[in-house]
Amino acid sequence: MAQITPARRAASHLLWQVLGEGRLLSEVEGDSRLAPPDRARALRLATGTLRGLPRADHVLNPYLRKPPVPRVMAILRLGAFELCTGGDAHGVVNDCVAIAALHKKSAPMKGLVNAVLRKVAAEGPAAWEAAPTPRMPDWLRGPLLAAWGRDAVRTMEAVQAEPPPVDITPKAGAGVLPEGELLPTGSIRLAAPGQISALPGYEEGTWWVQDAAAALPARILGAKPGEAVLDMCAAPGGKTLQLADAGAEVTALDISERRMARVEENLARTGLTARCVIGDALEHEGSYDAILLDAPCSATGTMRRHPDLPYAKDGSEFMGLFELQARMIDRAVDLLKPGGRMVFCTCSLLPDEGEVQIEEALARHPVLRPDPAALDQPGIEEAWRTDACGLRLRPDHWAGRGGIDGFFIAAVKKAAG
Ligand SMILES: C[S@@+](CC[C@H](N)C(=O)[O-])C[C@H]1O[C@@H](n2cnc3c(N)ncnc32)[C@H](O)[C@@H]1O
């Protein structure tokens, strides 16, 4: 039998880990035997399939009398995605049949895989085009409808159905940069991302990938040269790089050793420096002029980049995150010097992880003051401002430009004495 395309085989395994085992792609070890381009292609195939999963099901359902075992369904969904988005029919169908033959639960159904995908190759692309825009799962759609309304949620879903743009943050005084659109907030939206590590300036470390929304918290904190700044949940380090680039004495703290290795790689590539500490933010000691708290959260604002989230999660674990966020804010208040500044942010669309957190923090800590002036940054639109001292960013903002990640960002100050 001909060899299965390595990226396709790896993509089918990734899909199984998300759909069958409920794991996030970020928690899954990629296949280290694969060449980097194959690993990147496998990830593209898996995320593309997940982003279009309701469309794939819409295409497949007419050919299935009842849903086959989950492992077979994952293979069919991958095949449907590829066949409906320009994949080579012969290669896709043969590989999917061969992948089915690899596992004892799916092997008896390789005939079904072959028959269904041949029909999809002929009739699927038109059905894919005609399928409705994929909806968010009910556990998330319900709270978002209540918070932002039907029109906003529908626009978010339309934005999330498309592959997201890639934004970069240029290093101060950066010479070589890839081509792209300069966004009003200072990020650059790449014209043709392709293989990131092959773009001009990547090797030299003149920029790093960071969504335009994710670049705002560090700009709002406004770190100054020589200031002691804590990046309290730092990995993989986009915000650490911005703070270090501003000339601050940065302590980058994160509980995950694996993720902290990414911060160190990013610092090395860009030639920037920060003190990297692996540890629990709740137990960290020190005294800082400014703190950036990018707290662990539901990550519902980055679903267009992480379309695995709705399938690996069901919202049941979020309550624990809300509590952790509040405890981290309390710890940050202790670690701030009098007169110090803090930016709290989460890449979440849930008010419980944003507006509600900061409102409750201001009530718990009379020593904290809203700092709305810190939000006066280039490109920030009035409509994004919330009461007191926050910014609410949603994927439906800048929808005509490809959208923006969902974030909540708040700026506060600790009273001087
Ligand atoms: C939203 S991510 C941070 C993203 C990062 N600021 C950036 O811009 O690249 C949240 C991080 O919090 C870290 N984290 C979770 N619990 C923590 C804790 N108790 N102490 C420190 N870091 C923690 C996670 O490992 C994760 O890297």
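Cys347 counts as buried, because its relative accessibility is 16% and the cut-off for buried is under 20% relative accessible area, with over 50% called exposed and anything in between partly exposed (1.4 Å probe, protein chains only). Before going further, a word on what you're looking at: this is a predicted model, where local features need pLDDT of at least 70, side-chain atom pairs count only at pLDDT 80 or more, and totals for chains, interfaces and linings use all residues. Residues are numbered from 1 along each chain as its sequence is written, and side-chain values use heavy atoms, with hydrogens and water left out.

Cys347 sits in the loop between β9 (336-346) and α14 (355-364). Helices (H or I, at least four residues) and strands (E, at least two) are DSSP runs, numbered from the N terminus. Setting aside neighbours within four places in sequence, Cys347 is in contact with Cys297, Ala299, Thr300, Gly301, Thr302, Gly406 and Phe407, where contact means heavy atoms within 4.5 Å.

Ser348 lies in the loop between β9 and α14, and at 0% relative accessibility Ser348 is buried. The side chain of Ser348 makes a polar contact of 2.5 Å with that of Glu353. A polar contact is a pair of N or O atoms within 3.5 Å; within protein, one must be able to donate a hydrogen and the other to accept it, and residues adjacent in sequence count only if both atoms are side-chain atoms. Beyond four places in sequence, the residues that Ser348 touches include Cys297, Glu353, Arg392 and Phe408.

Arg392 also turns up among the contacts of Trp384, along with Leu216, His397 and Trp398. Trp384 is in the loop between β10 (368-370) and β11 (390-393), and is buried at 2% relative accessibility.

Now for the ligand. There are 19 residues around it, and Lys239, Asp254, Arg259, Ala281 and Asp294 come nearest; a residue is near a molecule if one of its heavy atoms lies within 4 Å of it. The shell has 10 nonpolar, 4 polar and 5 charged residues. Here Ala, Val, Leu, Ile, Met, Phe, Trp, Tyr, Cys and Pro count as nonpolar, Asp, Glu, Lys and Arg as charged, and the others, Gly among them, as polar.

A polar side-chain atom of Asp294 lies 2.7 Å from a ligand nitrogen atom. From the backbone, an N or O atom of Pro236 lies 3.2 Å from a ligand oxygen atom, and one of Gly238 lies 3.3 Å from a ligand oxygen atom. The protein covers 86% of the 600 Å² of accessible area that the ligand has on its own, with areas taken from the Shrake-Rupley method with a 1.4 Å probe; for residues, only the protein chains shown count as cover.

UniProt's "binding site" feature, also from an unreviewed entry, marks Cys233, Ala234, Ala235, Pro236, Gly237, Gly238, Lys239, Asp254 and Asp294. They span 62 residues in sequence, yet no two of their C-alpha atoms are more than 13.0 Å apart, so they gather at one spot. Two of them, Ala235 and Asp254, touch each other. Ala235 is in the loop between β5 (228-231) and α10 (238-245), while Asp254 belongs to strand β6 (residues 249-254).

How values were computed. UniProt positions renumbered as here; feature names shortened; annotations may be inferred.
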